[in-house]
Amino acid sequence: MSKVVGALPTEVVVMNSLTTNIHLLLVSFYKPTKERYKIICEGSAFPSDQYALQSQVKFHACLPERQGYNPDDAIIELKPREGEYAIRHEDVLATIEKHKNELALVFIGNPNYYTGQVFNMKEITDMGHRCGALMGFDLAHGAGNLELKLHDWNVDFAVWCSYKYLNAGPGGVAGAFVHEKHCNNTELIRFAGWWGNDPNTRFTMPHDFVPVKSADAWQLSNAPVLPMAALRASLEVFADAGMEDLVAKRKKLNDYLRFVINEAIKKNKQGKNIFIITPEHEHERGAQVSLICKKNGKQIHQHLATKGVVADWREPEVLRMAAVPLYNSFTDVFEFGKYFDEALQLHQQ
Ligand SMILES: Cc1ncc(COP(=O)(O)O)c(C=O)c1O
């Protein structure tokens, strides 16, 4: 798993579900003070991320030692400019800079689950650190999709699930990354369980918790073996294929997917009703393509489903698709283009 996210083996742990891991790592890395308590996140973050952040803010605000810390303005949401769908990189950096004296944490989903926009993690991380914030990412849609270098980029922590690009099945075990510099800090506050204890003494049943000096220190319980086996099988395939080759194929597949979509839209003169909102710039996209469908989006989704295309409809008006290099071919994308064209002819005229 560490190879998939560009980390040292000791920086990665596989455990729990994604939202559980968001909370466990926020316990360690969201440490608001009266002066520094703000969190920057994407405005259209996945709901579970928003609820986790909101509830962490409320949790801290109710602690007596945090008197005077106002939870109502703690969360700052990054938004696209009027008439745009993606959040501009310069606006992300400027927002971090603007709040540099009050900022505790930046926590961003990469790519954004709705638009598919990929953020420049390295530059955002550097800016966050220059402004005194800790930097965390939700890589639910990034792990197994993007080329990640969590260690080199100096990200403080990251979390992801294994049931999207990592194919470990619904509810599969999630992942977490904690940078080496924090793994060695045994003083860090965390919610502890016996599986996070140093394995050399774990079974001597010590009274006091001695965290192992790795991301394993965040483990609470022993691992669920059956879901771990499914994930392991998937990771073996990733190891065989190699992230570098997968990323190279993903780029070509994604270019082709965008091409067939745009051709069908042009042919059916539907550019005003249906258009791609995932940024065009190659560094701002992964496997995902999100389309705004102003008219009959659900019917288009339904038509694709009857042809065996697994796409996704997100309220209020987005159709999400991904051509995945591990198991989708260029012929799949070609076939998809035909069905998409049919769907537009049937439902957009
Ligand atoms: C970006 C993102 N965050 C959080 C979650 C929630 O994951 P879980 O149900 O494993 O907690 C999802 C699930 O789809 C997601 O896409």
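**Ground rules.** I number residues from 1 along each chain, as its sequence is written. Since the model is predicted, I take local features only at pLDDT of at least 70 and side-chain atom pairs only at pLDDT 80 or more, while totals for chains, interfaces and linings use all residues. My helices (H or I, at least four residues) and strands (E, at least two) are DSSP runs, numbered from the N terminus. I call two strands paired if DSSP finds at least two bridges between them.

**Seven-stranded sheet.** I started with an open sheet of seven strands, in the order S1-S7-S6-S5-S4-S2-S3 with mixed pairing. Strand S1 (12–14) and strand S3 (75–78) each have a single partner strand, so one side of each has no neighbour in the sheet. The twist averages 15 degrees from one strand to the next; for angles I use lines fitted to C-alpha atoms (for helices over the stretch in contact), and values run from 0 to 180 degrees between N-to-C directions.

I then looked at S4 (residues 103–109) and S5 (residues 134–138), which pair in the parallel sense over five bridges. Ile108 sits opposite Phe137 in S5. Helix H4 (residues 89–98) packs on this sheet, touching strand S2 (38–42), S3 and S4, and its direction makes about 160 degrees with that of S3. Helix H5 (residues 121–130) touches S4 and S5, at about 150 degrees to the direction of S5. Contact here means C-beta atoms, placed from the backbone, within 7 Å.

**Four-stranded sheet.** The other entry is an open sheet of four strands, order S8-S9-S11-S10, with antiparallel pairing. Its edge strands are S8 (274–276) and S10 (312–314), each pairing on one side only. Neighbouring strands here are turned by 25 degrees against each other on average, direction ignored.

S10 and S11 form a hairpin with three residues between them, and they pair antiparallel over three bridges. Across that pair, Trp313 is opposite Leu319 and Asp312 is opposite Arg320. On the S9 side, five bridges join S9 (residues 288–293) to S11, and Leu291 has Leu319 as its bridge partner.

**Cores.** I define a nonpolar core as buried Ala, Val, Leu, Ile, Met, Phe, Trp, Tyr and Cys residues joined through C-beta atoms within 7 Å. Buried means 20 or more other C-beta atoms within 10 Å of a residue's own, exposed means 12 or fewer, and partly exposed is in between, with C-beta atoms placed from the backbone. The largest core has 74 residues, and Val5, Ala158, Ala176 and Phe177 touch the most other members. A second, separate core of 21 residues includes Val289, Cys293, Leu304 and Ala323.

**Ligand shell.** Around the ligand I found residues including Ser17, Thr19, Asp49, Tyr113, Asp138 and Cys161, counting a residue if its C-beta atom, placed from the backbone, lies within 6 Å. Helix H2 (18–29) and helix H3 (47–61) each supply at least two residues of the shell.

**Gly337.** Where is Gly337? I located Gly337 in helix H11 (residues 330–347). Gly337 counts as partly exposed because it has 18 C-beta neighbours inside 10 Å. Leaving aside neighbours within four places in sequence, Gly337 is in contact with Val260, Glu263 and Ala264. Arg258 is 79 residues away from Gly337 in sequence, and their C-alpha atoms are 9.7 Å apart.

Key. Two residues are in contact if their C-beta atoms, placed from the backbone, lie within 7 Å.
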